[in-house]
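Visitor: I would like to go through this model and hear what each label rests on.
Guide: Then ask about the labels, and each value will be set against its cut-off.

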Amino acid sequence: MFESFGFETLTAPQAVVYFALALGALFGVFAEQTRFCFRRALIGTDRRAAMGVWLTALAFALVGTQAAVAMEWISFGDHRFMAADLPLLAILAGGLLFGAGMVLTRGCASRLTVLAGSGNLRAFTVLAVFAVVAHATLKGVLAPVRTTLSAPTLALDSAALPGNPLIWTALLGTAALAFAFRSGNRPVTLILAAALGLLVPLGWVGTGFVLFDDFDPIVMESLSFTSTWSETLFYTVAATSIPAGFGAGLIGGVLLGALASSLAARRFEWQSFSTPAQTGRYLAGAVLMGIGGVLAGGCTVGAGLSGIPTLSIAALLTLASIAAGALATNAALSRKAQGTLTAVPAE
């Protein structure tokens, strides 16, 4: 469709950078205002309200994505989420690692990106390590770990949920919204969460339909924060050799959007590490998220918010594994903290 616009000086790969920049800026604004975070939805002190925000976004992402599929604007038939050979071991191991990492860093990659744009230097440091480790797992010294764990696969008759996709969309969307309406959130918060969720189908349609060009094709993708941070890192250190892509545009947009939103609301605040122990915990979490995000095939946004609307079994398993890893790690840390508090010193 892109060639029908008649652009003479802009190619589809160039246009997608501007598209991703705008998409990311909107995500940064909406996520900063709603405090959108899957970790917070699982173990936060206000987890019911946070889960309501997350599920509202998921419901609208799901309905919007499947509507685009029904109208034949996009198709996930050849997408990696629909690979018939399911790398089950890599998904489960990666999800557990990512979940553990996001508890140690107090935020998944998307939340940390928003926090970095809001002045949090802890988040920025974690993301730098996360990007390096993710890139090393994709193409560097840790690639053998990825290839080894991805080798065992489970053959599936269908990589998507069986049955009518519209029925799955109605069931999952209704359940998500039913919880959200009882989560105690203000209507304006849920409206912002819905707008955030609609960015997912906007991303799929923008890259897979509007900017589709037979002569200069681009990858169909939407919101994600593992491969995009890896791409942004590579572009940052080699910009004179490679052009910017969707990933660099998206991450740049999120940082700018979060910065603008936090400044407008007077929430921008410089923050950093307080102790060496805290620094070590955050860096360990960054490493786990970097490896885990690549093994699992995405993060809570890439495989969760963007992946589940495709009705992919792999995406559902990834998010479930991330949740399991986060809950188990939080429980272990809580037991350790309680043991420290109740320990009686020897006399």
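**Labels and their grounds**

Guide: The chain has 14 helices and two strands. The model is a predicted one.

Visitor: How do you know whether the radius of gyration of the chain agrees with that of a compact globule?
Guide: The globule rule is 2.2 Å times the number of residues to the power 0.38. For 347 residues this gives a radius near 20 Å, and the chain has 20 Å, so the two agree. Along the principal axes, the C-alpha atoms fill a box of roughly 80 × 50 × 45 Å.

Visitor: What share of the residues in the chain is buried?
Guide: Of the 347 residues, 50% are buried. As for contacts with a separation of 6 or more, 80% join residues 24 or more positions apart.

Visitor: Why is Thr34 called buried?
Guide: Buried means under 20% relative accessible area. Thr34 has 5%, so Thr34 is buried. Thr34 belongs to helix 1, residues 12-34. Beyond its neighbours within four places in sequence, Thr34 is in contact with residues including Arg40, Val53, Thr189 and Leu196.

Visitor: Why is Ala265 called partly exposed?
Guide: Partly exposed lies between the buried limit of 20% and the exposed limit of 50%. Ala265 has 35% relative accessibility, so Ala265 counts as partly exposed. Ala265 sits in the loop between helix 11 and helix 12.

Visitor: At what angle do helix 1 and helix 11 pack, and with what hand do they cross?
Guide: Helix 1 and helix 11 (residues 246-264) pack at about 35°, their axes being 6 Å apart. The crossing is right-handed. By class, 14 nonpolar, nine polar and one charged residues make up this contact of helix 1 with helix 11.

Visitor: Which residues of helix 6 and helix 12 meet?
Guide: Among them are Val126, Phe130 and Leu138 in helix 6, and Tyr282, Ala286 and Gly290 in helix 12. By class, the contact of helix 6 with helix 12 has 13 nonpolar, four polar and one charged residues. The axes of helix 6 and helix 12 come within 8 Å and cross at roughly 35°, in a right-handed crossing.

Conventions:
Residues are numbered from 1 along each chain as its sequence is written. This is a predicted model: local features need pLDDT of at least 70, side-chain atom pairs count only at pLDDT 80 or more; totals for chains, interfaces and linings use all residues. Side-chain values use heavy atoms; hydrogens and water are left out. Helices (H or I, at least four residues) and strands (E, at least two) are DSSP runs, numbered from the N terminus. Buried means under 20% relative accessible area, exposed over 50%, partly exposed in between (1.4 Å probe, protein chains only). Contact means heavy atoms within 4.5 Å. Axes are lines fitted to C-alpha atoms, for helices over the stretch in contact, and angles run from 0 to 180 degrees between N-to-C directions. A crossing is left-handed if the near helix is turned anticlockwise from the far one by less than a right angle, and right-handed if clockwise. Ala, Val, Leu, Ile, Met, Phe, Trp, Tyr, Cys and Pro count as nonpolar, Asp, Glu, Lys and Arg as charged, and the others, Gly among them, as polar.
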